[in-house]
Amino acid sequence: MSTRNPTDWKSEAMRKRIAGRYAAERRFKFAGLFAVVLSASFLAFLLVTMMGNGLRGFTRTEIALKVDFPASPLLLDPKAITDEALANANLPMVTGTVAKTALGDKADALLSPTAWINIRDAIKADPTILSRTATISVPASTGLDLAAKSKGSPEMEAEVARLKQQGVLSTGFNFGFLTASDGTDPTQVGIWGAFKGSLLTMLVTLILSFPVGVATALYLEEYARKNWWTDIIEVSINNLAAVPSIIFGLLGLSIFLNLAHLPRSAALVGGMTLALMTMPVIVIAGRNAIKSVPPSIRDAALGIGASPVQVVFQHVLPLALPGILTGTIIGMARALGETAPLLMIGMRAFIATPPGGITDPATVLPVQIFLWSDEVSKGFVEKTSAAIIVLLAFLLAMNGLAIYLRNKFETRW
Amino acid sequence: MTQEQTNLTIDNPKMSARDVKVFYGEKQAIKGVSIDVGMDHVTAFIGPSGCGKSTFLRTLNRMNDTVASARVEGEITLDGENIYAPSMDVVQLRARVGMVFQKPNPFPKSIYENIAYGPRIHGLAAGKADMDVIVEKSLRRAGLWDEVKDRLHDSGTALSGGQQQRLCIGRAIAVEPEVILMDEPCSALDPIATAKIEELIHELRGRYAIVIVTHNMQQAARVSQRTAFFHLGDLVEYGVTSDIFTNPRQERTKDYITGRYG
């Protein structure tokens with residue numbers, strides 16, 4: 001055996017090696033910081049542009065329209081205000097005439113085409129106004145709305161200045177956006193229909209995928225024997241989690257609609273389709289969470305004579321629950337943002353009334369965003385951004401709930 | 001075989017094993033062990049690592065059932081009843097033959113719940129007041145009552161290692177077992193905590209048949225009245241503890257206790 005010189009810890013080569021090590025560390029730190037800053041700035045850009053466009057979508061410009069009912073060509077008996085009488089009164093024409101009197105010849109371009117609805121509702125609420133002059137707030141047209149809030153055409157800008165001088169123009173929070181449903185006039189549309197549709201769809205998805213997913217994970221981890229049969233099931237589940245979502249849409253179309261004849265465009269079918277997509281995610285997350293429960297806890301419970309079912313439901317499941325919930329929320333968040341499979345089962349239809357139940361025709365938030373982004377009318381641009389804000393708020397609320405539940409069930413060791 | 005020379009039968013055994021063989025897949029871990037465990041003494045299993053003493057211990061309450069590849073041959077009886085017979089309910093068996101593990105493993109629940117869990121699932125308590133009595137009695141027997149009586153609803157995992165292990169012993173006692181198996185109960189504990197557990201074993205003797213697996217020969221000498229020496233899956237020698245340590249009959253036993261291997 002040859003004798004080796006003792007290591008010289010002060011040599012030049014050693015010094016260089018140390019310097020190189022520190023340099024590598026600095027490079028790695030810098031790369032990480034760069035990645036974080038880059039993604040944070042993308043996020044900030046997204047939030048700023050969306051808020052800039054979207055917050056305007058929550059407001060609406062209104063014109064205080066003075067209506068001299070006795071002088072108007074409206075033929076209505078104040079004592080017999082029925083829906084039928086109102087429908088026959090030709091309110092759109094009357095509104096046009098009244099607006100011309102109050103706002104001048106260009107009134108048609110200033111008022112929303114659906115402004116007569118506000119007048120109808122005002123009469124319905126209080127028929128006595130028919131005998132006097134009343135001031136009723138009606139939505140402005142899209143052009144005027146845009147000019148009042150940001151930038152519009154030169155003519156509209158001039159109109160805004162004129163109406164402002166008259167003191168009849170006001171821009172305020174549009175509660176209608178949160179309570180109404182889809183429509184053709186961007187000043188009158190709302191998000192409630194799509195929101196409720198999303199809510200119902202998510203509910204169906206959760207009710208179907210959570211129990212089945214957790215039960216599958218428990219069975220595979222705790223009961224199933226390890227053989228080629230369970231190996232195939234495991235590989236299939238992992239593959240299912242990676243299948244493009246539109247394929248699940250086709251599956252839903254052929255099974256739930258064409259084979260089972262369930263109602264088209266309904267939250268029930270949407271939820272079932274999304275449940276197919278979410279289940280593998282829950283199974284995988286659930287199995288990992290169950291695997292990470294220390295075997296010593298199982299031993300402890302078995303050792304004092306707990307039955308396998310008691311071990312699973314009283315010890316393993318409670319300890320695995322935080323992990324299972326995290327996986328469920330990831331799956332649900334993905335399902336909430338999903339558009340493609342829902343298009344396949346007809347949830348892209350124009351639906352102007354909020355769904356009353358899970359079998360009524362419905363649409364969901366991402367599909368609503370997709371539909372509005374396709375509209376030609378300029379007023380839909382800010383509505384699209386506003387809908388995105390609502391979707392993100394929905395997502396944040398869901399994640400917040402998940403974090404709360406996880407912390408609640410988390411066991412401190 | 002050398003076993004004939006060892007005194008493996010005792011009068012009125014609580015548990016007895018006859019020609020027990022354990023396989024893990026193809027590998028044979030226990031090669032035909034016959035032994036009797038008595039009610040009124042502590043039995044210690046000693047031997048080098050991997051000799052099969054823990055494996056054999058786990059056959060006594062069928063904990064090896066949870067290992068998919070494990071297979072047990074031979075006969076083990078509790079009060080003359082074969083515990084591997086189809087008519088034997090494994091859940092009830094494990095209540096009658098309690099176990100304390102190497103690493104303290106309290107449930108991540110309160111001290112009270114740790115003790116109450118066993119009696120609750122076996123329906124031993126008739127109401128809350130009765131359960132309180134069981135919890136106090138079990139904690140007293142485990143020598144833990146005075147230390148925890150003011151914080152019964154604190155988490156069991158917040159206790160020190162030695163206290164956790166006594167909590168686990170209390171948890172095993174709470175279901176009124178007939179036999180308590182201890183798998184190296186002190187190997188994760190410091191000497192003071194170990195001394196307390198050994199003291200506790202002395203106090204529990206007579207009330208329960210106790211079988212303890214230990215690496216520590218001094219511990220076996222201190223706590224047990226009977227000692228079995230395992231080596232490579234064989235039961236080499238079994239007898240009165242003082243005989244084994246002062247006058248071993250087998251060469252292998254002598255080599256082990258004099259520290260020549262292990």
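Of the 262 residues in chain B, 46% come out as buried, where buried takes 20 or more other C-beta atoms within 10 Å of a residue's own, exposed takes 12 or fewer, partly exposed is in between, and the C-beta atoms are placed from the backbone. Bear in mind that this is a predicted model: local features need pLDDT of at least 70, side-chain atom pairs count only at pLDDT 80 or more, and totals for chains, interfaces and linings use all residues. As for labels, residues are numbered from 1 along each chain as its sequence is written, with chains lettered from A and ligands numbered from 1 in the order in which they are written.

**Chain B overall**

- Chain B has ten helices and ten strands; these are DSSP runs numbered from the N terminus, helices being H or I with at least four residues and strands E with at least two.
- For 262 residues, a compact globule would have a radius of gyration near 18 Å, and chain B agrees at 18 Å; the radius is taken over C-alpha atoms, and the globule rule is 2.2 Å times the number of residues to the power 0.38.
- The C-alpha trace of chain B spans about 55 × 45 × 35 Å along its principal axes.
- Take the contacts in chain B between residues at least 6 apart in sequence: 69% of them join residues at least 24 apart, a contact being two C-beta atoms, placed from the backbone, within 7 Å.

- B:A17 sits in strand β1 of chain B and counts as buried because it has 23 C-beta neighbours inside 10 Å.
- Leaving out residues up to four places away in sequence, B:A17 touches B:V33, B:S34, B:I35, B:G74 and B:I76.
- B:A17 and B:E203 are 186 residues apart in sequence, and their C-alpha atoms are 26 Å apart in space.
- B:D19 is in strand β1 (residues 13–24) of chain B too, but this one counts as exposed, with 11 C-beta neighbours inside 10 Å.
- The phi of B:D19 is near 50°, a positive value in a residue other than glycine.
- B:L232 also isn't a glycine, yet has a positive phi of about 50°.
- You'll find B:L232 in the loop between β9 (226–231) and β10 (234–240) of chain B, where it counts as partly exposed, with 13 C-beta neighbours inside 10 Å.

**Chain A: domains and helices**

- Where the two meet, six residues of domain 1 of chain A are in contact with seven residues of domain 2 of chain A.
- On the domain 1 side of that contact in chain A, α6(A) gives the largest share, three residues.
- Helix α10 (residues 228–242) of chain A has 15 residues and reaches 21 Å from first C-alpha to last, close to the expected 21 Å, which is 1.5 Å times one less than the number of residues.
- How many of the 15 residues of α10(A) are buried? The count is zero, so to speak a helix that is hardly covered.
- A:F195 lies in helix α9 (residues 192–223) of chain A and is buried, with 23 other C-beta atoms within 10 Å.
- Not counting residues up to four places away in sequence, A:F195 touches A:L365 and A:V390.

**Where chain A meets chain B**

- 17 residues of chain A are in contact with 22 residues of chain B.
- Two elements give two or more residues to the chain A side: α13 (295–303) and α14 (308–336) of chain A.
- The largest share of that side, six residues, comes from α13(A).
- By type, the chain A side divides into six nonpolar, seven polar and four charged residues; Ala, Val, Leu, Ile, Met, Phe, Trp, Tyr, Cys and Pro count as nonpolar, Asp, Glu, Lys and Arg as charged, and the others, Gly among them, as polar.

**Nonpolar cores**

- The largest nonpolar core has 138 residues, and those with the most contacts inside it are A:A387, B:F45, B:L181, B:I210, B:V211 and B:I212; a core is a set of buried Ala, Val, Leu, Ile, Met, Phe, Trp, Tyr and Cys residues joined through C-beta atoms within 7 Å.
- Helix α12 (residues 267–291) of chain A supplies the largest share of this core, 15 residues.
- Another core lies apart from it, with 24 residues, among them A:A99, A:A115, A:I123 and A:M156.
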